[in-house]
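Here is a short note to read alongside the model. The points are numbered so that each can be checked in turn.

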Amino acid sequence: MVLTTIIGLVVLLVLIGIPVWGVVQYNALVRLRNLVQESWKQIDVELQRRHDLIPNLVETVKGYAKHEQSTFEAVTAARTAAAAPGSTVAQQAQQENVLTQALGRLFAVAEAYPDLKANVGFQQLQQELTNTEDRIAAGRRFYNANVRELNTKIEMFPTNVIAGLFHFAKAEYFEIEDQAVRQTPEVKF
Amino acid sequence: MGGDFGASPGIFAAIPLVFGVILVLVLAFMIVSVVYAIRASRRRRESIAAIVTTGGLSYVGEDRTLVDAFVGTPFGTGSHRRARDVVAGNHAGAPFQTFAYSYETESRDANGNTSTTAHRFQVTWIPAPAPFPHVRITPDSGWLRALGSLAGHDLNTESAEFNARWRVRAQDERTAHAILTGPMIERLMRADVRDRAVVFQGVRLMSFAPQATDLTELNAVVGMLQDIAALIPPFLISDLNPGT
């Protein structure tokens with residue numbers, strides 16, 4: 001009698017407990033997947049803002065350094081590639097790294113022109129670009145933390161059973177070079 | 001037939017004497033402990049008085065409004081919560097306040113005897129540059145584990161070394177990740193921050209450590225908080241400040 005009761009309770013636990021656990025894990029995976037998507041959208045907004053700043057920046061520098069054509073073309077090409085839709089996260093990261101290097105060369109050019117550095121419009125664009133890059137870096141850290149949590153949950157047993165059943169896919173990390181905060185240069189007269 | 005059980009009557013006579021000696025030793029230890037505590041407390045107060053006088057700081061013996069000024073362990077825990085030896089002033093042109101926070105907890109052993117434990121912390125805070133959601137950065141150390149586990153999800157950064165040394169809990173993880181830049185993580189890994197908690201709470205940036213101190217390290221702690229405030233990204237300050 002006691003044995004029958006115990007067996008009955010165990011069966012009941014298994015019949016109810018496992019589906020409940022499954023639902024809980026499924027919902028947790030959905031929540032994490034949505035968090036990853038939402039945090040990527042935030043990065044995308046900031047990347048777009050960065051891309052939008054670049055044409056003004058290039059035009060401002062062109063006004064002072066007309067013969068640095070190859071540098072301008074490199075920035076413009078990198079910006080066009082980065083702003084093109086349809087890239088995966090890893091491809092976007094690669095494109096943003098190329099753009100960052102091109103921008104580095106542009107700012108190196110600007111260093112040789114004191115009048116350009118003193119230009120208020122240029123300083124404002126530079127500050128806006130720095131702020132945008134800081135936002136991208138912060139967004140990247142948040143996004144990658146969520147990706148790490150999602151991927152870990154998808155890989156670990158027994159959650160990987162639920163993940164496999166419902167086709168949850170691992171997300172890609174967004175690996176870009178974090179720019180050191182560029183200080184707006186002080187113009188000393 | 002005799003009633004000799006092999007024990008000398010002298011041993012039974014010595015038992016009260018032994019108890020007497022133990023009692024005297026325990027009493028002596030208690031008296032010495034009390035005297036030591038009183039003298040340590042007086043030395044601490046003298047040190048605080050000297051620092052307040054030479055630094056042109058203000059001093060208040062106790063401020064009850066500070067007891068509920070912060071949330072999260074160790075605040076809001078236990079009974080007889082007090083904020084004493086409140087010192088305030090300026091460091092490098094910026095304001096700060098520090099105080100000794102204490103509370104008591106009771107515990108019961110297997111025999112039903114209750115004992116009271118006093119817990120003391122030195123709390124120091126500066127105004128934060130913006131109103132922050134609650135972010136707690138606490139060391140993974142023995143005294144923190146003794147306080148009990150902190151509720152919430154532990155946030156992981158990309159630095160394994162940082163994750164091993166610190167526990168981060170946040171009301172808003174996005175803000176916490178925005179705070180934890182590379183330079184911020186480097187600053188938090190320095191030795192002067194070891195074994196101190198750093199808390200962003202509203203308009204206060206606060207640090208606390210176990211044991212009420214004599215404030216000899218006050219400048220270093222305030223300087224540390226000011227370094228941390230300076231490393232907060234400007235965009236975050238701008239985003240968190242309404243109307244800017």
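The model is predicted.

1. Positive phi in chain B. Ala92(B) is not a glycine, yet its phi is positive, near 50°. It sits in the loop between strand 2 and strand 3 (94-108) of chain B. Is Ala92(B) buried or exposed? It has 9 other C-beta atoms within 10 Å, so it is exposed.

2. Positive phi in chain A. His167(A) also deserves a look, with a positive phi of about 55° in a residue that is not a glycine. It belongs to the segment after helix 6 of chain A. His167(A) has 6 other C-beta atoms within 10 Å and is therefore exposed. Most residues other than glycine have a negative phi, and most peptide bonds are trans.

3. Cis peptide bonds. In chain A, the bond from Phe157(A) to Pro158(A) is cis, with omega near 0°. Pro158(A) is in the loop that runs between helix 5 (120-155) and helix 6 (159-165) of chain A. In chain B, the bond from Thr73(B) to Pro74(B) is cis, with omega near 5°. Pro74(B) also lies in a loop, between strand 1 (58-62) and strand 2 (79-91) of chain B.

4. Helix packing in chain A. Helix 1 (residues 2-62) packs on helix 2 (residues 69-83) of chain A at an angle of about 170°. Their axes are 10 Å apart. How are helix 1 and helix 2 of chain A oriented to each other? Angles over 145 degrees count as roughly antiparallel, so these two helices of chain A are roughly antiparallel.

5. Residues in that contact. Helix 1 of chain A contributes His51(A), Ile54(A), Val58(A) and Lys62(A). Helix 2 of chain A brings Phe72(A), Val75(A), Thr76(A), Arg79(A), Ala82(A) and Ala83(A). By class, the contact has 6 nonpolar, 2 polar and 2 charged residues.

6. Nonpolar cores. The largest has 62 residues. Ile179(B) and Leu205(B) have the most contacts inside it. Beyond its neighbours within four places in sequence, Ile179(B) touches Val135(B), Met184(B), Phe200(B), Ile232(B) and Leu236(B). A second, separate core has 13 residues, including Val75(A), Ala82(A), Ala102(A) and Leu125(A). Of these, Val75(A) and Ala82(A) also take part in the contact between helix 1 and helix 2 of chain A.

7. Domains of chain B. The assignment gives domain 1 (11-56) and domain 2 (61-240). Over C-alpha atoms, the centres of these domains of chain B are 31 Å apart.

8. Arg174(B) is in helix 4 (residues 173-179) of chain B. With 19 other C-beta atoms within 10 Å, Arg174(B) is partly exposed. Arg174(B) and Ala13(B) are 161 residues apart in sequence. In space, their C-alpha atoms are 75 Å apart.

9. Contact between the chains. Here 10 residues of chain A are in contact with 13 residues of chain B. The chain A side has 3 nonpolar, 2 polar and 5 charged residues.

Technical notes. Residues are numbered from 1 along each chain as its sequence is written. Chains are lettered from A and ligands numbered from 1 in the order in which they are written. This is a predicted model: local features need pLDDT of at least 70, side-chain atom pairs count only at pLDDT 80 or more; totals for chains, interfaces and linings use all residues. Two residues are in contact if their C-beta atoms, placed from the backbone, lie within 7 Å. Ala, Val, Leu, Ile, Met, Phe, Trp, Tyr, Cys and Pro count as nonpolar, Asp, Glu, Lys and Arg as charged, and the others, Gly among them, as polar. A nonpolar core is a set of buried Ala, Val, Leu, Ile, Met, Phe, Trp, Tyr and Cys residues joined through C-beta atoms within 7 Å. A residue is buried if 20 or more other C-beta atoms lie within 10 Å of its own, exposed if 12 or fewer, and partly exposed in between; C-beta atoms are placed from the backbone. Axes are lines fitted to C-alpha atoms, for helices over the stretch in contact, and angles run from 0 to 180 degrees between N-to-C directions. Helices (H or I, at least four residues) and strands (E, at least two) are DSSP runs, numbered from the N terminus. Angles under 35 degrees count as roughly parallel, over 145 as roughly antiparallel, 65 to 115 as roughly perpendicular and the rest as oblique. Domain bounds come from an automatic or database domain assignment.
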